[in-house]
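Colleague: I have a few quick things to ask about this one before I go any further. Can you take me through it?

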Amino acid sequence: KLNKRENLSEVRERALKRANYSCEWPECNSNKWLELAHLTAIGMGGKNNKIAADMNNVSILCKHHHDVFDGRQRVGLKLAYTELLRGFLLLKWNKK
């Protein structure tokens with residue numbers, strides 16, 4: 001069994017490099033208070049280890065956007081979701 005702390009540390013470092021050490025939320029380039037966010041929750045205490053270290057299940061987010069994503073932040077929510085939708089649509093439109 002992999003040591004969870006070491007494994008997540010490695011995943012976090014790879015995710016930080018992939019994100020160029022900045023928040024991956026569209027239109028946010030913050031490089032402060034960066035956190036590893038799991039797109040599909042791994043459960044309290046990391047019960048779902050199979051996806052905990054999956055690079056396709058993680059994103060680097062600043063503290064504010066991680067709180068928005070996890071539902072802990074209400075202030076600025078409309079703006080954050082507008083940025084997210086705009087970023088998604090720009091990607092979609094540029095693929096055409």
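Modeller: Gladly, and one term comes first: a residue is called buried when its relative accessible area is under 20%, and exposed when that area is over 50%. Please keep in mind throughout that this is a predicted model.

Colleague: Okay, then how many residues of strand E1 are buried?

Modeller: Strand E1, residues 34–38, is mostly covered, with 4 of its 5 residues buried.

Colleague: And which strand does E1 pair with, and in what sense?

Modeller: E1 pairs with strand E2, residues 58–62, in the antiparallel sense over 5 bridges. Within that pairing, His38 stands opposite Val58 in E2.

Colleague: Why does Trp33 count as exposed?

Modeller: Trp33 has a relative accessibility of 68%, so it counts as exposed, the cut-off being over 50%. Asn20 also counts as exposed, because its relative accessibility is 61%.

Colleague: What about pockets: how much space lies in the largest pocket?

Modeller: The largest pocket holds about 180 Å³ of space. Its lining residues include Glu24, Trp25, Pro26, Phe69 and Leu84, and Val58, the residue opposite His38, is also one of them.

Colleague: Last topic, helix H4: how far does it reach from its first C-alpha to its last?

Modeller: H4 covers residues 77–95, 19 residues in total, and it reaches 27 Å between those two atoms, close to the 27 Å expected at 1.5 Å a residue.

Colleague: Which residues of H4 are buried?

Modeller: The buried residues of H4 are Ala80, Glu83 and Gly87. Seen down the axis of H4, they fall within an arc of 60°, so they line one face of the helix. An α-helix has 3.6 residues a turn, so residues three or four places apart point the same way.

Colleague: And what is exposed on the other side of H4?

Modeller: On that other side, Lys78, Phe88 and Trp93 are exposed.

Conventions. Residues are numbered from 1 along each chain as its sequence is written. This is a predicted model: local features need pLDDT of at least 70, side-chain atom pairs count only at pLDDT 80 or more; totals for chains, interfaces and linings use all residues. Side-chain values use heavy atoms; hydrogens and water are left out. Buried means under 20% relative accessible area, exposed over 50%, partly exposed in between (1.4 Å probe, protein chains only). Two strands pair if DSSP finds at least two bridges between them. On a 1 Å grid over the protein atoms alone, a cavity is a set of points where a 1.4 Å probe fits but cannot get out, and a pocket is an open set with protein on both sides within 12 Å along at least five of seven lines; lining residues have an atom within 4 Å of a point. Grid points are joined across faces, edges and corners, and a volume is the space filled by probe spheres set on the points. The expected span of a helix is 1.5 Å times one less than its number of residues. The arc is that of the directions from the helix axis to the C-beta atoms.
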